[in-house]
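Dear colleague,

I am handing over the structure that we talked about, and I would ask you to keep it open beside this email while you read.

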Number of protein chains: 2
Amino acid sequence: MDGKDMAAMLEEAGVEPTAVRLAVTHVLADGERALPAGDILRKVRETMPVNKVTLYRILDLFVRQGLASRHSSGDRAFRYCLGPRFSGRAHGHAYCLRCGRMACLPATRDLVDVAALGRSLDMDVVGVEVRIDGVCAACRLAAEKGGTGGAVEDGAVVDDAPGKN
Amino acid sequence: MDGKDMAAMLEEAGVEPTAVRLAVTHVLADGERALPAGDILRKVRETMPVNKVTLYRILDLFVRQGLASRHSSGDRAFRYCLGPRFSGRAHGHAYCLRCGRMACLPATRDLVDVAALGRSLDMDVVGVEVRIDGVCAACRLAAEKGGTGGAVEDGAVVDDAPGKN
DNA sequence: GGCTTGATGCAACAGAGTTGCATCAAGATG
DNA sequence: CATCTTGATGCAACTCTGTTGCATCAAGCC
Ligand SMILES: [Mn+2]
Ligand SMILES: [Mn+2]
Ligand SMILES: [Zn+2]
Ligand SMILES: [Zn+2]
């Protein structure tokens, strides 16, 4: 996806295309994984200075407009990826309990009979969240080699110090 | 379930049966819903004084021992209910976006083909989380009557002041 | 030029859970 | 009995992940 597509996506979602929003869209459009706000913030900052509040507001906006979707993981940080309309599918995720990475799966429809659900529950169904919890291949290998900390490399918590936007 | 059963469950789970743990088990054994720690704390406190840290430690212990299971909702508080071994089934949940209540569903097996998942993912699958998001019947009715706040009644946040255990 | 509007920044705050250390009771040991 | 150890609990302070209020700034309009 190039810059042109990003702007088109924002417009289609009814969102004013500012520089930061384009950068966030660019990160989300990677599409491999659902990312926590902290990771998105780091990636966007490789391009330009951004305040974390701005990012949170953009993510909320994107979710409201269907551009992004927000998913809960086993830890306390929500993960964001492109919404169904822009990723081309409603999909579940595979969450690694060791490294915290959350991979986007091909689709949810094969796994869950949503229609049957709507009928069987006395509830207006808005969405279905499917998450597979386990240990990813990278972490399994790392564990076999004797490591104890999973297959993570990044770490570095996003800070809050003045002048850091 | 009476007190006798509670103690038996704790023993079966390999957990020392203290007064607080029995009370927590009692609350979880209700079985209708998965409850946030705050709700559990309030209910246990109707019986005896307890510190919130104690509750969190008990919940962690219960989850480790399989007595309870921990589920993520659309908000930032985890919900706890009896684990599969003690509730008699692995099950998903229905989360109401209005009132935040999370109902335990009959079973997950009918909805998700877990075996197929294990095969298709390069991952050691530990668990599957299925959550239906929507608006519960009570909230739908409340909304039709013109209310704007969902079908909740409780509210009251659990405090942290000294002398409150 | 003045006015409004929307996006962004900054500081302080909030909720949910954690950590470290103190205390206390029940057993185990002598 | 005196003492030692162990596990459960309490309390204060802390972390992490967002949120809220208010200030600023730029762009468009009159
Ligand atoms: Mn995804
Ligand atoms: Mn349940
Ligand atoms: Zn992993
Ligand atoms: Zn409801």
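**The surface near DNA strand D**

The residues of the surface near DNA strand D comprise ten nonpolar, four polar and eight charged ones, where Ala, Val, Leu, Ile, Met, Phe, Trp, Tyr, Cys and Pro count as nonpolar, Asp, Glu, Lys and Arg as charged, and the others, Gly among them, as polar. Please bear in mind that this is a predicted model, in which local features need pLDDT of at least 70 and side-chain atom pairs count only at pLDDT 80 or more, while totals for chains, interfaces and linings use all residues. Residues are numbered from 1 along each chain as its sequence is written, chains are lettered from A and ligands numbered from 1 in the order in which they are written, and side-chain values use heavy atoms, with hydrogens and water left out.

In total, 22 residues surround DNA strand D, and the closest are A:Tyr56, B:Thr18, B:Thr54, B:Arg76 and B:Asn165; a residue is near a strand if one of its heavy atoms lies within 4 Å of it. The largest share of this surface, five residues, comes from H4(A), helices being DSSP runs (H or I, at least four residues) and strands likewise (E, at least two), numbered from the N terminus. Of the atoms of DNA strand D within 4 Å of the protein, 59% belong to sugar or phosphate, and the rest to bases.

A polar side-chain atom of A:Tyr56 lies 2.8 Å from a sugar or linking oxygen of DNA strand D.

**The manganese ion**

The protein donors of the manganese ion (ligand 2) are B:Cys81 (SG), B:His91 (NE2), B:His93 (NE2) and B:Cys104 (SG), 2.0 to 2.4 Å from it; donors are N, O and S atoms within 2.8 Å of the metal (3.2 Å for Na, K and Ca), and water is not among the atoms, so sites may look incomplete. B:His93 lies in strand E4 (residues 93–96) and B:Cys104 in strand E5 (residues 102–104) of chain B, so the pair ties together parts that are eleven residues apart in sequence.

**Where the chains pair**

Strand E6 (residues 123–136) of chain A and strand E6 (residues 123–136) of chain B pair in the antiparallel sense over 13 bridges, pairing being counted if DSSP finds at least two bridges between two strands. Within this pairing, A:Met123 stands opposite B:Cys136 in E6(B).

Best wishes

Technical notes:
Polar contact = N/O pair within 3.5 Å; in protein donor to acceptor, adjacent residues only side chain to side chain.
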